[in-house]
Amino acid sequence: MYDVLVVGSANADLTVRVTRRPGAGETVLGTDLVESAGGKGANQAAAAARIGGRTALLARVGGDAYGELLLAAQRAAGTDVAPVIVDEEARTGTAMIIVGPDGDNSIVVSPGANAALTPDDVAAAKDVIAASSVVSLQLEIPLETVRAAATAAEEAGTRVVLNPSPAPEGLAPELLAVADPLVVNEHEARQLSGRTDGSPAQWAAALRERGARSVVVTLGGDGALVLDASGTTTVPGIRVEAVDTTGAGDAFTGALATRLAAGATLTEAARFAVRVGAAAVTKPGAQPSYPTTEELSQFPEPSEQSAPTQRP
């Protein structure tokens with residue numbers, strides 16, 4: 001029995017820090033290249049496992065050194081990697097990351113083995129899906145595989161947390177219909193809601209009207225906004241000095257899924273996830289920055305505030 005099964009990507013993160021980002025056609029010098037474990041799926045699994053969630057990962061990696069690096073990182077975090085498929089003929093996915101002086105990043109992903117994770121792989125893992133309280137999904141693997149995982153979870157009565165990132169032009173109604181919650185940042189919320197103006201609360205309401213069972217909009221250092229059947233709630237952020245924001249959203253989503261699996265309300269889970277996301281930005285890298293429960297005690301819990309919006 002798992003608290004969280006993550007079905008998604010696993011990438012090797014290749015990170016360079018720069019004093020300023022290059023313009024078109026420009027070359028700038030950066031720091032030495034740092035290789036670390038990443039990928040939205042693997043990040044969320046590591047975040048969930050580090051805070052004590054019984055976690056498993058369904059992903060594909062290549063039979064290369066990067067694949068070994070990713071598996072070792074998951075084992076160190078406490079993730080069960082038995083469902084991970086090692087494709088000896090494939091190259092492990094990679095993400096090239098440029099981190100600016102403000103801690104913000106720009107990322108280019110080369111999918112590699114992630115593109116070969118298929119609906120058949122999901123079908124072969126149906127018992128694992130049925131044995132999980134929550135299935136967490138993202139969009140760095142083929143969309144048909146995400147659909148298959150969502151359908152399998154729905155049939156098994158397993159809750160689905162959907163993080164539609166990288167943001168698509170639109171999201172299939174059947175995916176929106178199983179999202180409980182749909183976890184989006186402000187850019188994704190605006191794009192998927194179809195609104196070019198408005199506020200996070202309005203974007204969340206539009207997404208729920210389009211079929212999502214519940215919605216969480218992450219607001220970076222300002223916390224998060226939660227919308228479910230009980231209404232709209234804002235969760236304040238925790239002010240920290242950001243060193244590197246890489247993977248902070250994944251830390252939030254992994255923590256959110258873990259708390260939901262433990263029976264927390266969506267707002268309670270979001271309050272916890274804000275703390276985990278804040279802790280993650282205080283250290284460099286994605287998975288290496290994710291806190292344990294003991295490390296999280298250094299970060300205060302945000303107070304809950306009701307937003308001045310209408311109940312849905």
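Helix α2 (residues 65-77) gives the largest share of the lining of the largest cavity, three residues. Helices here are DSSP runs of H or I with at least four residues, strands are E runs of at least two, and both are numbered from the N terminus. This is a predicted model, where local features need pLDDT of at least 70, side-chain atom pairs count only at pLDDT 80 or more, and totals for chains, interfaces and linings use all residues. Residues are numbered from 1 along each chain as its sequence is written, and side-chain values use heavy atoms, with hydrogens and water left out.

The structure holds one cavity of 30 Å³ or more. On a 1 Å grid over the protein atoms alone, a cavity is a set of points where a 1.4 Å probe fits but cannot get out, while a pocket is an open set with protein on both sides within 12 Å along at least five of seven lines; lining residues have an atom within 4 Å of a point. Points are joined across faces, edges and corners, and a volume is the space filled by probe spheres set on them.

| Void | Volume | Lining by class |
|---|---|---|
| Largest cavity | about 30 Å³ | seven nonpolar, one polar, no charged |

Ala, Val, Leu, Ile, Met, Phe, Trp, Tyr, Cys and Pro count as nonpolar, Asp, Glu, Lys and Arg as charged, and the others, Gly among them, as polar.

Gln74 and Leu70 are among the residues that line the cavity. As for the largest pocket, 45 residues line it, with Asn185, Thr245, Gly247, Ala248 and Gly249 nearest its centre. Elements giving two or more residues to that lining include β2 (11-17), β11 (179-185) and α9 (248-261). The top contributor is α9, with five residues.
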